[in-house]
Amino acid sequence: MAETIFSKILRGEIPCHEVYQDEHVLAFLDIGPLSKGHVLVIPKEEVATLAELSDEASAAIGRVLPRLCRAVMKVSGTDQYNVLQNNGPRAHQAVFHVHFHIIPKPLEGGGLGIDWPAGQLDAEEAPALAEAIRAAANGS
Ligand code: AMP
C-alpha cells in the first residue's frame, strides 16, 4: 500500500489531536470536521480498504467503535450520529488507509448529508443474488 498521511500520523511525524490509542487502533479529530466532535478511527495496520483488513485488526476496531461513539456523543451533546467508512475514490475515499468516521448529527444542523437514491429490490433476482453473496462470504 502506498504511504498515506495517516502513516505519518501513526509514526508521530505529523501531529494529530488524539482521542484514543491502544495496541491496534488510533483515533483522532478529523482536520476537516463535518460537525463538532467528528473523529476518525484507524487501525495501525496499513491497508487501504476494509476488505483487506485482518480479522485481528477488524476485531480491535469493532471492540472500541461503540465506546468511541459513546464518548463523542457525550462530549458533542447529541445522541445521533453517522459512522461512515469509504472504500475507493468513487466511494469518496480520499485517504487510502482504512478509517471510520464518527460524525455527530446535531439538532441544529451540520453533520453528514446523504444522497440515498433507493431503488427496489428485484424479487426475481434477489434469491440468486443473496446465494452468490452467501457463497462468497463462506469462501466458496
Ligand atoms: P475519506 O474521504 O473517507 O478518505 O476521509 C478522509 C478524512 O481524513 C477527511 O475527513 C479529512 O478531513 C481527514 N484528514 C485528512 N488529513 C488529516 C489530518 N492530517 N488529520 C486529521 N484528519 C485528516
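Predicted model: local features only at pLDDT ≥ 70, side-chain atom pairs only at ≥ 80, totals over all residues.
## Helix α2

Let us start with α2, which covers residues 55-76. With 22 residues at 1.5 Å each, the helix should span 32 Å, and its end C-alpha atoms are 31 Å apart, so the two values agree. Along the way, α2 bends by about 30° at Leu 65. A proline, Pro 66, follows that bend within four residues. After the helix comes Gly 77, with a positive phi near 75°.

Which parts of the model do the buried residues of α2 pack against? Their partners are the strands β1 (18-21), β2 (25-29), β3 (39-43), β4 and β5. The buried set includes Ala 57, Ile 61, Leu 65, Leu 68 and Val 72.

## His 92 in its loop

His 92 sits in the loop between β4 (81-84) and β5 (100-104). Its phi is positive, about 75°, although His 92 is not a glycine. Because its relative accessibility is 67%, above the 50% cut-off, His 92 counts as exposed.

## Around the ligand

The ligand has 16 residues around it, and those that come nearest are Asp 30, His 92, Ala 94, His 99 and His 101. α1 (5-10) and β2 each supply at least two residues of this shell, with α1 giving the most, 3 residues.

Several polar atoms face ligand oxygens. A backbone N or O atom of His 92 lies 2.6 Å from one oxygen atom of the ligand, and a polar backbone atom of Ala 94 is also 2.6 Å from a ligand oxygen. From Asn 86, a polar side-chain atom lies 3.0 Å from an oxygen atom of the ligand. Taken alone, the ligand exposes 510 Å², of which the protein buries 82%.

Methods. Residues numbered from 1 in each chain as written. Heavy atoms only, no water. Buried < 20%, exposed > 50% of the residue type's maximum accessible area, 1.4 Å probe, protein only. Expected span 1.5 Å × (residues − 1). Bend = angle between axes of the 7 residues up to and from the residue. Contact = heavy atoms within 4.5 Å. Near = heavy atom within 4 Å. Polar contact = N/O pair within 3.5 Å; in protein donor to acceptor, adjacent residues only side chain to side chain. Areas by Shrake-Rupley, 256 points an atom, 1.4 Å probe, with all protein chains shown as cover.
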